[in-house]
Amino acid sequence: MKYEKNKQFIGKMFDEISPTYDKLNHLLSGYQDNRWRKSAVKYLQFLQHEYPFILDLASGSGDLGAEFLKLKPQKIFSADLSLEMLKIDRQKLPEDINYPVKAEAEHLPFKTGYFDLCGIGFGVRNFENLDSCIIEICRVLKPGGRFVTIEMFKPAKSGLTNRSFRLYFEKILPKIGNTLSSSNFAYDYLFESVDNFITVQSYENLLQKNGFKILRSKNNFLGIVNTVFAEKM
Ligand SMILES: C[S@@+](CC[C@H](N)C(=O)[O-])C[C@H]1O[C@@H](n2cnc3c(N)ncnc32)[C@H](O)[C@@H]1O
């Protein structure tokens, strides 16, 4: 199947792989994905900001939202294209503070200046129109609100050329992932979506162009998995 970034296609793909998504995330990342989420939340705590209203965008099955509970929010909105992923999210977060919403990052159904924090874990790479999503995120944040992105970016200097990692990521991971999730494409899509994505530097430029100040950028793994902390100016 040809790689394409299209909301209908992406939503359907995540609906299909939702039953095995969590297990495969942990397995295929060598159990590092939760460590990256935890360390992002630790830094948000270190910033000593208040986070009563949080948006977990492209929330998927809710692992980042579950970490955000440590920030003691009043409300966490989980927003995603995939209803099946949102159903799993609902099981992980307390009903009285969690508001799952089926929504597109390109058109957020929230008031301007409502949120203190927006977090996106492994989501921005999938957005059909990244520029308009960043503009929307900036709109729904309060001035001074924080925006954290954990993502797999295209490495700056050499692309995905670490030979052993590329062999794993392009050839081995898709075979295991597709087989265990019974998908014929989702884990090929994962490789393609990183290989076709922008570098973390370009992403930071995009944030700066659209009303954010970069607070910190952390390389978690080979310059591919990075966490970017930003503040709405
Ligand atoms: C790789 S999963 C990440 C899930 C979760 N945030 C995590 O940390 O594991 C990406 C999620 O982004 C969602 N997504 C992709 N494009 C989107 C868009 N334009 N608007 C909202 N959600 C989107 C998908 O449905 C999927 O659940």
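In this predicted model, helix 5 (residues 130-140) packs against helix 8 (residues 200-209) with the two axes 10 Å apart and at an angle of about 50 degrees. Angles under 35 degrees count as roughly parallel, over 145 as roughly antiparallel and 65 to 115 as roughly perpendicular, the rest being oblique; helix 5 and helix 8 are therefore oblique to each other. Their crossing is right-handed. On the side of helix 5, the contact involves Leu130, Asp131 and Ile134, which meet Tyr203, Leu206, Leu207 and Lys209 of helix 8. Sorted by class, the residues of this contact are five nonpolar and two charged, with no polar ones.

Helix 5 also has a number of buried residues, namely Leu130, Cys133, Ile134, Glu136, Ile137, Cys138 and Val140. Helix 8 is among the elements that cover them, and others include strand 1 (53-57), strand 4 (115-121), strand 5, strand 6 (212-221) and strand 7.

In soluble globular proteins, nonpolar side chains tend to be buried together. The largest nonpolar core here has 40 residues, and Leu44, Phe68, Leu71, Leu117, Met152, Phe169 and Tyr187 have the most contacts inside it. At least two residues of this core come from each of helix 1 (7-28), helix 2 (33-46), helix 3 (63-68), strand 5 (141-152), helix 6 (163-181), helix 7 (186-195) and strand 7 (225-232). Helix 1 gives the most, with eight residues.

Helix 7 can be followed through two of its packing partners. With helix 6, the axes come within 6 Å and cross at roughly 150 degrees, and the two helices are therefore roughly antiparallel to each other. Helix 6 contributes Arg166, Phe169, Glu170, Leu173, Pro174, Gly177, Asn178 and Ser181 to the contact, and helix 7 contributes Ala186, Tyr187, Asp188, Leu190, Phe191, Val194 and Asp195. These residues divide into eight nonpolar, three polar and four charged.

With helix 1, the axes of helix 7 come within 10 Å at a crossing of roughly 85 degrees; helix 1 and helix 7 are therefore roughly perpendicular to each other. Here Phe9, Ile10, Met13, Ile17, Leu24 and Leu28 of helix 1 meet Ala186, Tyr187 and Tyr189 of helix 7. This contact has nine nonpolar residues, with no polar and no charged ones.

Two individual residues complete the account. Aspartate 33 lies in helix 2. Residues under 20% relative accessible area count as buried; aspartate 33, at 2%, is therefore buried. Beyond its neighbours within four places in sequence, aspartate 33 is in contact with Asn25 and His26.

Leucine 81 is located in the loop between strand 2 (75-80) and helix 4 (83-92). With a relative accessible area of 24%, leucine 81 is partly exposed. Leucine 81 and valine 101 are 20 residues apart along the chain, and their C-alpha atoms are separated by 8.6 Å. Neighbours within four places in sequence aside, leucine 81 is in contact with Lys7, Ile10, Gly11, Lys102, Ala103 and Glu104.

Technical notes:
Residues numbered from 1 in each chain as written. Predicted model: local features only at pLDDT ≥ 70, side-chain atom pairs only at ≥ 80, totals over all residues. Heavy atoms only, no water. Axes fitted to C-alpha atoms, helices over the stretch in contact; angles between N-to-C directions. Helix = DSSP H or I, 4+ residues; strand = E, 2+ residues; numbered from the N terminus. Left-handed = near helix turned anticlockwise from the far one by under 90°. Contact = heavy atoms within 4.5 Å. Nonpolar A, V, L, I, M, F, W, Y, C, P; charged D, E, K, R; others polar. Core = buried A, V, L, I, M, F, W, Y, C linked by side-chain atoms within 4.5 Å. Buried < 20%, exposed > 50% of the residue type's maximum accessible area, 1.4 Å probe, protein only.
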